[in-house]
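I opened this notebook to record what I looked up in the structure, entry by entry.

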Amino acid sequence: KKSFGYKDPEKTMPINNDTLFALASTSKPIISTAMSLLVSQGKIDFNDKVKLTFLKSSMSLANFLSHTTGYKVTGNSQIESGNNKARLINFIQQRNQECKPGKCYKYSNLMYSFVDDVLKTKGYSIKKAIEVLNEKIGTTDITLLPMAQESNFANQYSRNGKLLAFPSNYQKSVPAAAGVFASINSMAEFLKLAMGTKPEILHDQVLSKIFTPTVENKDIF
């Protein structure tokens, strides 16, 4: 484990093992695994059906986590346009569900982000799931917004050194899908958990479940 580089293009602030990075879509396996800890504890179940008021039908937590909700929409253009969650929900209410949940695949930042709404019907949240994850793997810096100004955080820059807007619309509007921050220290501990070295924390059968494909992904074609 080794950190390198700088937090600024002027190369005045070195990155260290505690520096937080925006994980973008790598947020999804973090959130999925954090929720799996709640499954291991018997607090939620992947197969429990939930009916969110703004969606056309009931579906399971597994449908959201595996991009098999039946809605064939990424939501990316709506997110990048700066729409808040209320507007994103209004957008999805106008869409048709193109297949039954579990029967077709479409990678979707928008639909994945609703795992937070599903958790809230069970009395939890993605924030609570991350708290459980941090506690179980002995870290403190897997986190969401807000980010304290004095945080040891690596700002995002373009290739030509231009500072990018922070926070991004993804981090603000769909945090479960693309809003997690973490350091190399916490990611190393997360990797140990995801590789199955801590069965006393994350049961083998639950870990096997989250690594088992549920439907063929034909996006590559």
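**Entry 1, the largest pocket.** I sorted the lining of the largest pocket by class and found 13 nonpolar, eight polar and two charged residues. The model is a predicted one, and for this pocket I noted a computed volume of about 560 Å³. Its lining comprises 23 residues, with Ser32, Leu65, Ser66, Ile210 and Thr212 closest to the centre. H1 gives the most, namely four residues.

At least two residues each are supplied by helix H6 (115–121), helix H7 (126–137) and H8. The largest share is that of H7, with five residues. By class, I found seven nonpolar, five polar and five charged residues in this lining.

The space in the largest cavity is about 40 Å³. I noted its lining as Ile44, Asp45, Asp48, Val50, Leu61, Val118, Leu119 and Lys122. Five of the lining residues are nonpolar and three are charged, while none is polar.

I turned to helix H4, which spans residues 85–93 and has Leu88, Ile89, Phe91 and Ile92 buried. Seen down the helix axis, the buried residues of H4 fall within an arc of 155°, so they line one face. On the face turned away from this buried side I found the exposed residues Ala86 and Arg87. I also asked what the buried residues of H4 pack against. Their partners are helix H3 (76–80), H5 and helix H8 (169–173).

Is asparagine 109 buried or exposed? Its relative accessible area is 5%, and the cut-off for buried is under 20%, so asparagine 109 counts as buried. I found a polar contact of 2.9 Å between its side chain and that of asparagine 76. Leaving aside neighbours within four places in sequence, I listed the contacts of asparagine 109 as Ser25, Lys28, Thr74, Asn76, Ile79, Tyr170, Val174 and Ala177.

Technical notes: Residues numbered from 1 in each chain as written. Predicted model: local features only at pLDDT ≥ 70, side-chain atom pairs only at ≥ 80, totals over all residues. Heavy atoms only, no water. Buried < 20%, exposed > 50% of the residue type's maximum accessible area, 1.4 Å probe, protein only. Polar contact = N/O pair within 3.5 Å; in protein donor to acceptor, adjacent residues only side chain to side chain. Contact = heavy atoms within 4.5 Å. Arc of directions from axis to C-beta. 1 Å grid on protein atoms, 1.4 Å probe; cavity = no way out; pocket = protein on both sides within 12 Å on 5 of 7 lines; lining within 4 Å. Points joined across faces, edges and corners; volume = space filled by probe spheres on them. Nonpolar A, V, L, I, M, F, W, Y, C, P; charged D, E, K, R; others polar.
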